[in-house]
Amino acid sequence: MIKVLVAGFDGSMGNKTTNMVIENDKFELAGVFSPFAGKDNLREYTEFQDQNVPVYKTYEEVAAQKNDFDVWVDFTVPSAVYQNVKFAIENKISPVVGTTGLTDEQLVELKALAKENEVGGLIAPNFGISAVLLMQFAKKAAEFMPDVEIIELHHDNKLDAPSGTAVQTAKMISEVRTAHHQGNPNEKETMLGARGADFEGMKIHSVRLPGYVAHEQVIFGSLGESLTIRQDSFDRSSFMTGVALAVEKIGNYNELLVGLENLL
Ligand SMILES: NC(=O)C1=CN([C@@H]2O[C@H](COP(=O)(O)OP(=O)(O)OC[C@H]3O[C@@H](n4cnc5c(N)ncnc54)[C@H](O)[C@@H]3O)[C@@H](O)[C@H]2O)C=CC1
Ligand SMILES: O=C(O)C1=N[C@H](C(=O)O)C[C@H](O)C1
């Protein structure tokens, strides 16, 4: 049995993950973590009445029981994820991270720390297979159609913009696309932000609306033609197959990987 701790269990993704871990025969829910939890045991929550699982609120409490955990699944907030992953690695718990917002510098540091501690881990900007495929297809398309804009659409509770998936899509496209300005060289925004965020000349637009879950559209334009690649996560269950796969496989690695495709 793989012993799992879910950080951010009290959030939307944390709740889905907690249920997924409980239902998966290969996993044992060994703990849940959130500094904002109001209770000491999961069974005190109506939804989890039959689960005798400790609720941890501090790193000290987790560190005291660190041998109880193989994997730290993180669906928390951008402001907490760096410290959480650092803590997990230093305590030899493999992080499986969906939380967005890590900077490039933080990623470099965490990769080095994982190497030093010989701990495997995965940071996945998106655990949905449709998003993983979209990123790969978009990278391929950009080889032939280098003028591209990204539109990501999310629920209106999302804290970060652009989404981690949009940033990762832009990074993957930039591996095959020479950085260049798109649009009229003399264009002027008459309203600030009208042209969106800029990643090496690629524009990224973020939509936040109630009713949406997580969606991304990559639009390529070329002489007299256009290509649109789109993926939709209509429900957060779309991420759970990827999370389960990562929890199951991450013990076989001793480095920190970025992107679910590394495990597929
Ligand atoms: N990689 C992927 O496939 C996906 C990633 N996400 C990302 O996951 C993150 C969480 O998303 P949601 O669940 O929708 O957010 P949410 O706001 O519903 O949940 C976040 C939870 O984290 C808890 N929290 C805050 N600080 C914490 C800390 N220091 N340690 C532990 N828990 C803490 C909060 O109490 C809250 O319940 C976001 O960054 C989001 O972008 C979301 C969906 C899929
Ligand atoms: O906040 C979300 O909901 C999501 N966050 C991730 C991101 O920022 O890309 C993954 C997915 O889009 C859902």
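This is a predicted model: local features need pLDDT of at least 70, side-chain atom pairs count only at pLDDT 80 or more; totals for chains, interfaces and linings use all residues.
H154 counts as buried, because 22 C-beta neighbours sit inside 10 Å of it; by the convention I use throughout, a residue is buried if 20 or more other C-beta atoms lie within 10 Å of its own, exposed if 12 or fewer, and partly exposed in between, with C-beta atoms placed from the backbone. Residues are numbered from 1 along each chain as its sequence is written, and chains are lettered from A and ligands numbered from 1 in the order in which they are written.

To stay with H154, this residue is found in strand β7, residues 148-154, where helices (H or I, at least four residues) and strands (E, at least two) are DSSP runs numbered from the N terminus. Not counting residues up to four places away in sequence, H154 touches S163, R208, Y212 and A214, contact meaning that two C-beta atoms, placed from the backbone, lie within 7 Å. UniProt, in an unreviewed entry, places the feature "active site" at H154 and K158; such positions are given in the numbering used here, with feature names shortened, and the annotations may be inferred rather than shown by experiment. K158, for its part, is found in the loop between β7 and α6, the latter being residues 164-174, and K158 is partly exposed because 15 other C-beta atoms lie within 10 Å.

Which residues are around ligand 2? They are T100, P125, N126, H154, K158, S163, G164, T165 and A214, where a residue is near a molecule if its C-beta atom, placed from the backbone, lies within 6 Å of it. By class, that shell has two nonpolar, six polar and one charged residues; here Ala, Val, Leu, Ile, Met, Phe, Trp, Tyr, Cys and Pro count as nonpolar, Asp, Glu, Lys and Arg as charged, and the others, Gly among them, as polar. The loop between β7 and α6 also holds P162, and the peptide bond from A161 to P162 is cis, with omega near -5°.

Now to ligand 1. Of the 26 residues around ligand 1, those that come nearest are G8, G11, M13, A80 and G98. At least two residues of this shell are supplied by each of α1, residues 12-23, and α3, and by class the shell has 13 nonpolar, twelve polar and one charged residues.

Helix α3 itself, residues 78-90, has V81, N84, V85, A88 and I89 buried. Seen down the axis of α3, these buried residues fall within an arc of 125°, so they line one face of the helix, the arc being that of the directions from the helix axis to the C-beta atoms. On the other side of α3, S79 and Q83 are exposed. The cover over the buried residues includes β1 (2-7), β4 (71-74), β5 (94-97), α4 (104-117) and β6 (121-123). After α3 comes K92, whose phi is positive, near 60°.

Positive phi turns up at two further places. In E118, a residue other than glycine, phi is near 50°; E118 is found in the loop between α4 and β6 and counts as exposed, because it has 11 C-beta neighbours inside 10 Å. E200, again not a glycine, has a positive phi of about 50°, and E200 lies in the loop between β8 (197-199) and β9 (202-208).

Turning to I250, we find this residue in the loop between α7 (240-249) and β12 (256-258). Why is I250 counted as buried? Because it has 22 C-beta neighbours inside 10 Å. Leaving aside neighbours within four places in sequence, I250 is in contact with V71, S94, V96, G120, G121 and L122.

Finally, the domains. The assignment, which is automatic or taken from a database, gives domain 1 as 2-123 + 237-263 and domain 2 as 129-233. Their C-alpha centres lie 29 Å apart, and ten residues of domain 1 are in contact with eight residues of domain 2. By class, the side of domain 1 that touches domain 2 has four nonpolar, five polar and one charged residues. For "domain: Dihydrodipicolinate reductase N-terminal", an unreviewed UniProt entry lists residues 2-127, and over residues 2-127 the chain is 36% helix and 21% strand, with the end C-alpha atoms 19 Å apart.
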